[in-house]
Amino acid sequence: MSKTNQSVDGRSVFRVDKFVAPAAAREEILAKVRTTHELLRLQQGFVQDFLLEQFSGPGEFNLVTIVEWESQAAVDNVVPIVKAAHERIAFNPQETIARLGVRADIANYQRIPGL
């Protein structure tokens with residue numbers, strides 16, 4: 001692991017959002033994800049992000065986003081910033097997911113030491 005991809009204590013936090021998005025919802029979901037990630041990239045503690053789309057295999061999640069943060073403190077600091085930005089543009093993620101028939105699995109992860 002390179003020094004640029006870890007926090008001082010080596011405990012990067014990875015926010016992983018997995019979506020089962022119907023084809024009809026794809027473009028709207030991607031637009032919302034891109035807008036949010038543009039904001040995330042500007043925040044202190046942001047390390048890197050990925051937007052992945054399944055192209056083969058039996059997995060059920062067809063869209064996955066991963067954002068690496070330097071620490072849990074960075075994640076905690078960005079939550080109210082994102083919430084305020086979403087409120088300013090009248091974007092409610094939960095309502096959008098429900099309206100589009102998208103299923104989401106969202107959690108924070110850390111690397112397992114020694115692997």
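Select Lys18 and Phe61 to begin: Lys18 lies over the face of Phe61, 5.1 Å from the ring centre. A charge is counted as sitting over a ring if NZ of Lys or CZ of Arg is within 6 Å of the ring centre and within 35 degrees of the ring normal.

The model is predicted, so that local features need pLDDT of at least 70 and side-chain atom pairs count only at pLDDT 80 or more, while totals for chains, interfaces and linings use all residues. Residues are numbered from 1 along each chain as its sequence is written, and side-chain values use heavy atoms, with hydrogens and water left out.

**The aromatic pair**

Next, select Phe46 and Trp69. A search of the whole structure finds one aromatic pair, and Phe46 and Trp69 form it edge-to-face, at 5.8 Å centre to centre with 85 degrees between the planes. Phe46 lies in strand 2 and Trp69 in strand 3, so the pair ties together parts that are 23 residues apart in sequence. Rings of Phe, Tyr and Trp (its six-membered ring) pair if their centres lie within 6.5 Å; planes under 30 degrees apart count as stacked, over 60 as edge-to-face and the rest as tilted. Helices (H or I, at least four residues) and strands (E, at least two) are DSSP runs, numbered from the N terminus. Both Phe46 and Trp69 are buried; buried means under 20% relative accessible area, exposed over 50%, and partly exposed in between (1.4 Å probe, protein chains only).

Ala74 is buried, with a relative accessible area of 7%. Apart from neighbours within four places in sequence, Ala74 is in contact with Gln44, Gly45 and Trp69, where contact means heavy atoms within 4.5 Å.

**Salt bridges**

Which residue pairs with Glu60 in a salt bridge? Select Arg103: the closest N and O atoms of Arg103 and Glu60 are 2.2 Å apart. Arg103 lies in strand 4 (residues 103-109) and Glu60 in the loop between strand 2 (46-53) and strand 3 (63-69), so this pair ties together parts that are 43 residues apart in sequence. A salt bridge is a side-chain nitrogen of Lys or Arg within 4 Å of a carboxyl oxygen of Asp or Glu, and a search of the whole structure finds eight.

Another salt bridge joins the side chains of Arg15 and Asp17 (2.5 Å, N to O). Arg15 is partly exposed at 32% relative accessibility, whereas Asp17 is buried at 12%. Then select Arg26, Glu27 and Glu53, which are linked in a network of salt bridges; within it, the closest N and O atoms of Arg26 and Glu27 are 2.4 Å apart.

**Ser12 and Glu68**

Ser12 is found in the segment before strand 1 (13-20) and is buried, at 4% relative accessibility. The side chain of Ser12 makes a polar contact with the side chain of Glu68 (2.9 Å). A polar contact is a pair of N or O atoms within 3.5 Å; within protein, one must be able to donate a hydrogen and the other to accept it, and residues adjacent in sequence count only if both atoms are side-chain atoms.

**Helix 3**

Finally, select helix 3 (residues 93-100), whose buried residues are Thr96, Ile97 and Leu100. They cover an arc of only 100 degrees around the axis, which puts them on the same side of helix 3; the arc is that of the directions from the helix axis to the C-beta atoms. Their cover includes strand 1, helix 1 (26-40) and strand 4. The face turned away from the buried side carries the exposed residues Gln94 and Ala98. Helix 3 is followed by Gly101, whose phi is positive, near 70 degrees.
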